[in-house]
Amino acid sequence: MKIFVGLGNPGAEYASTKHNVGFMLADRLAKEIGAENWRNNFNALVAESFFDGEKILIVKPQTFMNLSGEAVVPVADFYKIELENLIVAHDDMDLPVGTIRLRPKGSSGGHRGIASIIQHLGGLQNFPRVRIGIGRPPENWSVNSHVLSPFNSEDAPKIAAAIENLVPAVTCFFREGINNAMNKFNPHKVKD
């Protein structure tokens with residue numbers, strides 16, 4: 001069994017914001033594998049399906065980004081999931097818009113949603129990540145203004161392409177694990 005978590009903020013006003021690229025990928029992935037029976041559970045929207053005979057949960061925490069661990073860790077605990085089978089997708093300001101990067105583990109990198117998950121895991125960081133680049137804030141913009149604003153007309157197609165490119169990357173993770181997915185889908189010109 002594997003659990004895919006897309007991070008974001010609940011509510012229509014946040015739906016198209018940069019902070020919600022994790023939700024966007026979760027929705028696209030759920031459609032891809034036929035997991036469209038969303039239900040409220042564990043302070044999250046949860047959908048499930050089978051992919052190549054393995055149960056997959058798609059999770060969208062409804063706790064708001066900074067409290068993501070309050071939803072993610074209870075799901076992982078309930079299903080007694082090994083952390084290497086818990087993959088979390090989130091926005092990343094340190095990557096150019098539309099750049100994707102898969103990682104097997106790591107620190108929060110300043111991302112509060114990831115920091116919340118690590119905190120609720122008692123400091124454990126060894127769960128795979130899908131990082132989706134949203135770029136740095138424009139000059140004179142705060143981080144909050146940046147992550148809570150929608151993509152402009154130049155960046156929106158890059159994000160749409162990134163999400164489409166991540167569908168085979170995540171399904172590769174489901175089939176073959178994070179290392180094979182990284183080898184096949186991470187850009188090789190950038191050292192991580």
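A crossing is left-handed if the near helix is turned anticlockwise from the far one by less than a right angle, and right-handed if clockwise. I wrote that down before opening the structure.

**Ground rules**

This is a predicted model, in which local features need pLDDT of at least 70, side-chain atom pairs count only at pLDDT 80 or more, and totals for chains, interfaces and linings use all residues. Residues are numbered from 1 along each chain as its sequence is written, and side-chain values use heavy atoms, with hydrogens and water left out. Helices (H or I, at least four residues) and strands (E, at least two) are DSSP runs, numbered from the N terminus.

**Entry 1: α5 and α6**

I began with helix α5 (residues 156–176) and helix α6 (residues 178–185). Their axes are 7 Å apart, and the packing angle is about 150 degrees. Axes are lines fitted to C-alpha atoms, for helices over the stretch in contact; angles run from 0 to 180 degrees between N-to-C directions. The angle makes α5 roughly antiparallel to α6. The cut-offs I used: under 35 degrees is roughly parallel, over 145 roughly antiparallel, 65 to 115 roughly perpendicular, and the rest oblique. α5 passes α6 in a right-handed crossing.

Which residues of α5 and α6 meet? From α5 I listed N165, P168, A169, C172, F173 and E176; from α6, I178, N180, A181, K184 and F185. Contact means heavy atoms within 4.5 Å. I sorted the residues of this contact of α5 with α6 into seven nonpolar, two polar and two charged. Here Ala, Val, Leu, Ile, Met, Phe, Trp, Tyr, Cys and Pro count as nonpolar, Asp, Glu, Lys and Arg as charged, and the others, Gly among them, as polar.

**Entry 2: α1 and α5**

Next I turned to helix α1 (residues 21–33), which packs with α5 at about 60 degrees, the axes 9 Å apart. α1 and α5 are therefore oblique to each other. Their crossing is right-handed. On the α1 side I found V21, M24, L25, R28, L29, E32 and I33. They meet I159, I163, E164, L166, V167, V170, T171 and F174 in α5. The residues of the contact of α1 with α5 divide into 11 nonpolar, one polar and three charged.

**Entry 3: α2 and α3**

The axes of α2 and α3 come within 8 Å and cross at roughly 45 degrees. That makes α2 oblique to α3. G69, E70, V72 and V73 of α2 make the contact with S116, I117 and H120 of α3.

I then checked what is buried (under 20% relative accessible area, with exposed over 50% and partly exposed in between; 1.4 Å probe, protein chains only). In helix α3 (residues 112–120), the buried residues are G113, I114, S116, I117 and I118. Their cover includes α2 (69–78), β5 (86–92) and β7. G122 follows α3, with a positive phi near 70 degrees.

**Entry 4: R131**

I looked up R131 in strand β7 (residues 129–133). Is R131 buried or exposed? R131 counts as buried because its relative accessibility is 9%. Its side chain joins that of D92 in a polar contact of 2.6 Å. A polar contact is a pair of N or O atoms within 3.5 Å; within protein, one must be able to donate a hydrogen and the other to accept it, and residues adjacent in sequence count only if both atoms are side-chain atoms.

**Entry 5: S149**

I ended at S149, in the loop between α4 (143–147) and α5. S149 is buried, at 9% relative accessible area. Not counting residues up to four places away in sequence, S149 touches S16, T17, K18 and W141.
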